[in-house]
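Work through the exercises below with the model open beside you. Try each task before you read its solution.

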Amino acid sequence: MKSKANVYLASPVFYEISQNPMVSPDLQKKIEELFNELREIAEVTISPTRFPSEKELIETVQNNTIDFIGCHISHPITSFITQIPSVKGIATSTMGFNHIHMEPGVLVTHTPSVLDKTVADFTMALILSTLRNIVPLHNGLWAGNWIPGTKWDLDDQMNHSLDNMVVGIIGMGEIGREVVKRLIPWNVQILYFDLKRDEILENQVPNLYYESNIETIFAQSDVISLHIPLNAHTKGYVNAALLKKMKPQALLVNTARGGVVNFEDLLQLLERNEIAIHLAFDVYEPEPISPEILDRFHKISKQHPELRFVFIPHNASSDANTRAKMSIMMLSDLILLAKSQNLQDLAPIHLIPPQKDLLQKNAIPPSKIRNYRIFQWWE
C-alpha cells in the first residue's frame, strides 16, 4: 500500500487568495474546502514566504521527502529539484510551464483555459492605452502640467485610433483567439501566424487571415501581439530580423513570456536608431526587469520621446477571481495526484500538452508509461 503523500506549496498565496475581499465568496469557499481536503489526505508543507530561494526549495523538498509540489512562475523548479527521487509531480498555477525543468518521469500539470479571457482583456487595454497615449496624458495631468495655456490643444500628445489598422496575432491559442474576439467590433484587418491554421475561426471572423510567413505579418501590421509559449524553439524568436521588418511607429505588445523577445536585439536596434517602434510589455527577460535593461530603455525614451513604452510588472492575469480559479485548479490537481492509485485516477488532471498522451489509451507504450515515478509509488 502506498504511503501518504507529502505535498509542498511553494507559496502561502494559494490559500491567502481565499482571504482577498475581491474574490467572490463561492471561490473563497471552494479554496478553503480544497485546502481542508488536501490536509486530510496528505502531509502538507507550506512555504512561510511567497518567494523562497532555490536553496530553500531544494532543502524543503529533500528534508520532507516531497512527492508533489505546487508552484507558480516565480518559483523556478530547476533540475536540482526535479532530480530529487521523491518528486513525482509538479502542479503550477500558471498556463505556461517554462519555469519547470522537464525531468523524465515527473508529471507536470498547469492551469489552461482559465486566464485566457483575463489576459486578452489586458492585451486590449495595453493596445488601446498605448495607441491613445493614456499613460503620459495621465502622468502629465497628475503632475500639474495641464495648464490654461494648453487647454486641449496638445499637439505633442496626438495619438491614434485602432480603426482601420492591421493587427498581427502571433500564436492562435486560447489567448490569441480571445484577443481576436475582442477585436471583432473594431474595423481592423487581422493577420495571424500559428503552427496550425484555424479555418473554422476564419469563417467566423470577418477580416481574419492566416499568413504562413511571419515576416509578412511583421512587415504589414500596425500592431503585433505575441501569444506564443516560451520553449526551446521560441526563445528569442522575435529577433533583429523580425524587428527590422516592423513599420516605423508600429506597436509591439507582449503578454506571453519575456523570453520570446530577444531583448538585446531590441535594445540595440532602438539605440542605433535602426527601428522606431512603440512597446507595450507585461513580461520581460529576466523578471523582474533588470536595472541595466530599464536604464537603457530610459535613455532611449529620453532620446526619442515620440516612442511610447508602456511597461507593466507581469500583471495580465491579476484579475482576483482568475487567480482564485488558477489556485483551485492547481489544488484540485494536487489532490488527485495525492489520492491516485492508478492511471485512471489521473484522467481529470490538467497535464501539460507534451504529457497529455499519457492519458490516451494505447497512445504510449506501457513500458514508457511505467517510467513515471508515480507508478513506483502506486506499487
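**Exercise 1. Which residue in S4 stands opposite Phe68? Then place the two strands in their sheet.**

Step 1. This is a predicted model. Find Phe68 and look across to S4: Gly89 stands opposite.

Step 2. Count the links. S3 and S4 (residues 89-92) are joined by 4 bridges and run parallel.

Step 3. Look at the other neighbour of S3. S1 and S3 also pair in the parallel sense, over 3 bridges. Here Tyr8 stands opposite Ile69 of S3.

Step 4. Go on from S4. It is joined to S5 by 3 bridges, again in parallel. The bridge partner of Gly89 in S5 is Leu107.

Step 5. The open sheet has 5 strands, S2-S1-S3-S4-S5, with parallel pairing. S2 (42-46) and S5 (107-109) are the edge strands, and each pairs on one side only. On average, neighbouring strands are turned by 15 degrees against each other, direction ignored.

**Exercise 2. Which residues touch the most other members of the largest nonpolar core?**

Step 1. In soluble globular proteins, nonpolar side chains tend to be buried together.

Step 2. Name the residues. The core has 36 residues, and those with the most contacts to other members are Leu9, Phe68, Leu107, Leu331, Leu334, Leu346 and Ile374.

Step 3. Trace the elements. S1 (5-9), H1 (13-16), H2 (25-41), H13 (320-339) and H15 (373-378) each supply at least two core residues. H13 gives the largest share, 9 residues.

Step 4. Zoom in on Leu334. Beyond four places in sequence, Leu334 is in contact with Val7, Leu9, Leu38, Phe68, Ile69, Gly70 and Ala91.

Step 5. Look elsewhere. Another core, of 34 residues, lies apart from this one and includes Ile170, Ile228, Leu230 and Leu269.

**Exercise 3. Ser93 and Pro148 both sit in loops. Is each one buried or exposed?**

Step 1. Locate them. Ser93 is in the loop between S4 and S5. Pro148 is in the loop between H6 (134-142) and S6 (166-170).

Step 2. Recall the cut-offs: buried is under 20% relative accessible area, and exposed is over 50%.

Step 3. Compare the values. Ser93 has 7%, so Ser93 is buried. Pro148 has 68%, so Pro148 is exposed.

Step 4. See what surrounds Ser93. Leaving out residues up to four places away in sequence, Ser93 touches Phe14, Cys71, His72, Thr111, Met326, Ser327 and Met330.

**Exercise 4. What kind of aromatic pair do Phe263 and Tyr284 form?**

Step 1. Read the geometry. The ring centres are 6.4 Å apart, with 55 degrees between the planes.

Step 2. Classify. Planes under 30 degrees apart count as stacked and over 60 as edge-to-face, so this pair is tilted.

Step 3. Phe263 lies in H11 (residues 263-271), and Tyr284 lies in the loop between S11 (278-281) and H12 (291-303). The pair therefore ties together parts that are 21 residues apart in sequence. Both residues are buried.

Step 4. Widen the view. Ring pairs link Phe263, Phe281, Tyr284, Phe297, Phe309 and Phe311 into a cluster.

**Exercise 5. Why do the buried residues of H11 line one face of the helix?**

Step 1. List them: Phe263, Leu266, Leu267, Leu269 and Leu270.

Step 2. Look down the axis of H11. The buried residues fall within an arc of 165 degrees, so they line one face.

Step 3. Find the cover. It includes H10 (240-243), S11, H12 and S12 (309-311).

Definitions and conventions
Residues are numbered from 1 along each chain as its sequence is written. This is a predicted model: local features need pLDDT of at least 70, side-chain atom pairs count only at pLDDT 80 or more; totals for chains, interfaces and linings use all residues. Side-chain values use heavy atoms; hydrogens and water are left out. A nonpolar core is a set of buried Ala, Val, Leu, Ile, Met, Phe, Trp, Tyr and Cys residues joined through side-chain atoms within 4.5 Å. Buried means under 20% relative accessible area, exposed over 50%, partly exposed in between (1.4 Å probe, protein chains only). Contact means heavy atoms within 4.5 Å. Two strands pair if DSSP finds at least two bridges between them. Axes are lines fitted to C-alpha atoms, for helices over the stretch in contact, and angles run from 0 to 180 degrees between N-to-C directions. Rings of Phe, Tyr and Trp (its six-membered ring) pair if their centres lie within 6.5 Å; planes under 30 degrees apart count as stacked, over 60 as edge-to-face and the rest as tilted. The arc is that of the directions from the helix axis to the C-beta atoms.
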